Structure formats: C-alpha cells, structure tokens
Amino acid sequence: MRRIFPILLFILSLSLILASLSYAQVQVRLRVFEASNVGTGIDSSLRDMRDQLKPLVDFSSYRLLKEETPTLYANRPVSFPAHPGRIIELTLIKQDKNVADVRVRIKREQMDILNTQVRLSPGRTVSIGGPKHGEGVIIITLSGQF
Amino acid sequence: MKDSCSSVSELLEKYFDQEVTDRERFLVEGHLQDCPTCRDALTSMEGLRTLIKVPVEEATQQEDFPWVWQKIEREIRLQEKVSWWQSLRSWIHLSPLLKKKTWIPAVAIIVVLLLITTQVILKKTPSYSDASVVEYIESETHNIMVYESEKAKMTVIWLFDEEDEEDQELSRS
Amino acid sequence: MDHEEIQLISRCQQGDQEALKEIFDKYHKRVYRIAYGVVRHREEALDIVQEVFVKLFRSIKNFKGRSHFYTYLYRMVMNTAIDHSRKMGKQFVSSLDEEGSFEPSEEIEKGPERILLQKELEEKVKWAMEKLPIEQKAALLFREVEGLSYQEMADAMGCSIGTVMSRLHYGRKRIQELLKDYVGPPGQSSGPSNPLKGEGVR
C-alpha cells in the first residue's frame, strides 16, 4: 500500500489537471483560400463554403491555400502566416461546454487589419474576407470542432 | 578506325555533352570532318538520347497531375498527427509508473473521478444564446461589414479597402 | 540561387506550406520526369512525386544552401525513386538475367504495324534501361533527360565528376550493346526508322 499510494496520488492529481485543462480548450478548423473570378476551378473541399457564401459573394474560382486544425488553450495565442505579409492570431478567451469565445487578430507589419472576438458553437462558421490577393481576395473561415 | 580516333574517342562523349574546352572542341571537330566512324558514333549517341528522352518528355507533357498537391497536404497533416501520437506512445513506454500492474485500480479511481467531475461541469454550465456571434470588432485599416445568418449558422465579416470605396465613388461620379 | 528562391526555402523551413506549394508548382514536372524515367510507370511516378514533396517538407531544414536547391531536390527524387523501385522488386540485381531475351508486353500485339513497332522499340529501351545498374541509369537520366552538366550531376549524385563521366560512359555503352541486338545493321533494319542509326530522329 505504501508503494501504491504515491502512484495513486500522482494519477489523482493528473486526472484533476486534465479535467481542468479539458474545460478550457477547443480545436478549431482554420482554412485560408483565395477566391477570384479568374478561372473556374474549385477545390472539392471548398464546395460547402462556396455554397454558404453564395448569397453574399459568388466567385468563379476557389483555391485552398492553407488548412490548419490547431487546438487552442485559454489565453495562449496561436499564430499562422495567412498569406504573404499577414499573420492570423487566434486566442481562446473562454470556453463553456460547446461554446468558445475566440479572439481573432489579423496583423500586417505592426497594424491590426482586424481585431475581433467571435463566439463559435457547433455547426457555426465565421468567415472573414476581403483582403486582396493577386487577382482575387483572401477568405478565412473558422469553425469549432466540438 | 584511324589512329587519331583513339585520342579523340575519349573526348567524343565530352564533346557530345558540351563539356569540352575550346581547344578540345577544335580537335574533335577537325577529326570528325575526316572520320565517318566517329561521326557514326556521335549519331548513335544522339539517337540514344532521343530514345531515352522523348518518351519521358511526352509522358510529362501529357500528365495533368490530378490531386497530387491535395494528397501531399493530406499526407503532411496525417504525419503531424501520427508524430504526436508516437511521442505519446514513447512516453508511455518509458514511464515507470505505467509499467507497474498497480494501474488497474488507479484507472478505476480515475474513471470514477472523471465521472464526478463531468457531472459537476455539466451542472455548472449555463446555456448561451447564440444570437450574438461577434462580441466586438475593429480595424485600423479597413471598413467592415458584418453579416449574420441564423438559418445558415454563418457569420461573414467583410473588410473593404478604403481605396475600394474611393474607386466606387469616382466611378459613380 | 536567386533571392526569391532563398526566401521561399526559408519560409518552407519555418513550416510554411504555402511556400511548399510554390516550390511544388515550380519543380513538380522536373521531379516527375526523373521519377518516370526510373520507374516508367505513370501511377508509380505520381506516387514518387507525392512522396518527394512530403519528404522535402520534413527534411528541408537540413538544406544549408551549399549546393543548388534543384540538385538537392534531384538527389532526393533519385533516392526516393530507387527505394520505390526496390520495394516494387524492379531493381537490377540479378546476374542470371539472360541478355538479349525480350518478351514484348501483350498490348504490343495490337494496333497499326508502324505504331506497334515504334512502341516495341520504346518497350525495348525501357527494358534495356532496367538492365542498367541504378547509378548508370541515374547518370543517363540526369544527362539525357534533364540536361544537367557534369558538375550538377556530381552534386546530385554525391560523387566526383570523374565518376559521373565513367557512369555515363558505361551506361551508354551497355545500352547500345543491349539495343544493338534488336536494331539491325544500317540499311537492313526491317523495323521503323532506327534512331540509333540516325534515321528519323525526332
């Protein structure tokens, strides 16, 4: 029993830590793609996005540039290059069950092109678009994987 | 075969591959004018090059590389996931604690604790209204439009370059 | 290496997949040419292309810029293609192969005669290339298909220029011996134009 006790104590602590950590983390799906009216190609993985965005914007070509599925932990920013010269930074602010508040910053050099906080929930996608890229625009989509 | 062929034959391949010096080129070209054997050998090398090169070139030109890049991306993603799992596995193998057979009652205790913790978490959590998705928004460089569709569960934030608006104004006037 | 390429490689070394995509766009045809030259099979060559760029993304941190990037890439392609060939059991190792024996594949039995015979010649070249030791095959592909200089080949193959010349020389000699049995003496060939004799060179 004396030998087992420290091990059990360690496992107990670990489980409590894991429980508290699992309380404040979320995996998100980040996609960066280029939309333009040059060409008619569309990556098959983007058809769902094209259909969703159609009421607002309807380009003839959608090309996936990057896809990441990072796990965000509370107050720990994660950064990615979004397209040349720009960085997108995601920070989990808080998370309750199936709702996560995520701060999204898109920066170029030292300027905030965008600073926003959005609420992600199952099935909801947040799209950020508009910055020019070549002949088209960049669109970034963010969704939570709960 | 001429006597001079023996001295030139070593240079012939270098000449064919355009790796000779000016002096060597002069020597070879002078010899070729009078030596049909060496000319045949050169022709033979040219023919061989064609036979090797042309099918490969044709195959490359006809190839449209369907989905190759997508497969590369997917493979990279998979490998990143696998390497995470492999690190965890190696940690498990190395950890002395997990080698011991005492982990059975320990796992039982963990399961019980997790069940209790989960119950507590589930009870505590209030439900959020998802009417408001964008908590706040600002930009130093662009004008912003926010569109929310409850039905499509979609929120779109669109950034307009200030110069886009100027162009629109100019074109309207 | 130009400045743009150095930037691209640096971004890729930091894990930027977009940079890898730009490298892919620039080099994938060259990689395919080498891969196809080794395996002479479309699907296998495409698999090799995929494998090379995945490997490149993992290992590009090891590229120090001491040689040209494309020679670094060519070496990777060749090693990957060789490994692939070995796995598929195509590597030339057997000394028991009967030289001169050649079994045309079934598809050669069909089609117009002239095209068939040309196809047969290409099949023969493919067969002859498979008879070569891999170093000689690599040398021939780098020189005849990619047009690399001796120095570039030495960098790509990790050997001296003298070794490159030797591999080229013996590779060419062996191929010509193997194909000489098939194509007849000048003017007496019953087949189509014989490129080895300078007839109908494309």
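Between them, chain B and chain A bury about 4300 Å² in this predicted model. Carbon and sulfur atoms account for 62% of that buried area. The contact brings together 44 residues of chain B and 49 residues of chain A. The size of an interface is often given as the accessible area lost when the parts come together, and the figure for chain B and chain A is of this kind.

Chain B and chain A are joined by 2 salt bridges. In one of them, R77(B) pairs with E67(A), and the closest N and O atoms lie 4.0 Å apart. The largest share comes from α5(B), with 8 residues. By class, the side of chain B that touches chain A consists of 22 nonpolar, 11 polar and 11 charged residues.

Chain A also meets chain C. Here the contact involves 4 residues from chain C and 7 residues from chain A. The area buried between chain C and chain A is about 410 Å², with carbon and sulfur atoms giving 38% of it. D16(C), Q17(C) and E18(C) supply 80% of the area that chain C buries against chain A, more than any other three residues. Across this interface there is 1 salt bridge, formed by the side chains of K66(A) and D16(C) at 3.9 Å, N to O. The side of chain C that touches chain A has no nonpolar residues, 1 polar residue and 3 charged residues.

Chain A, which takes part in both interfaces, contains 2 helices and 9 strands. Along the sequence, these elements follow the pattern α-β-α-β-β-β-β-β-β-β-β. Chain A has 146 residues, of which 51% count as buried. Among contacts in chain A between residues at least 6 apart in sequence, 47% join residues at least 24 apart. The accessible surface of chain A amounts to about 6800 Å², and 54% of this surface belongs to carbon and sulfur atoms.

Terms used:
Residues are numbered from 1 along each chain as its sequence is written. Chains are lettered from A and ligands numbered from 1 in the order in which they are written. This is a predicted model: local features need pLDDT of at least 70, side-chain atom pairs count only at pLDDT 80 or more; totals for chains, interfaces and linings use all residues. Side-chain values use heavy atoms; hydrogens and water are left out. Contact means heavy atoms within 4.5 Å. Buried area is the accessible area (1.4 Å probe) that two parts lose on being put together, summed over both. Ala, Val, Leu, Ile, Met, Phe, Trp, Tyr, Cys and Pro count as nonpolar, Asp, Glu, Lys and Arg as charged, and the others, Gly among them, as polar. Helices (H or I, at least four residues) and strands (E, at least two) are DSSP runs, numbered from the N terminus. Buried means under 20% relative accessible area, exposed over 50%, partly exposed in between (1.4 Å probe, protein chains only). Accessible areas come from the Shrake-Rupley method with a 1.4 Å probe; for residues, only the protein chains shown count as cover.
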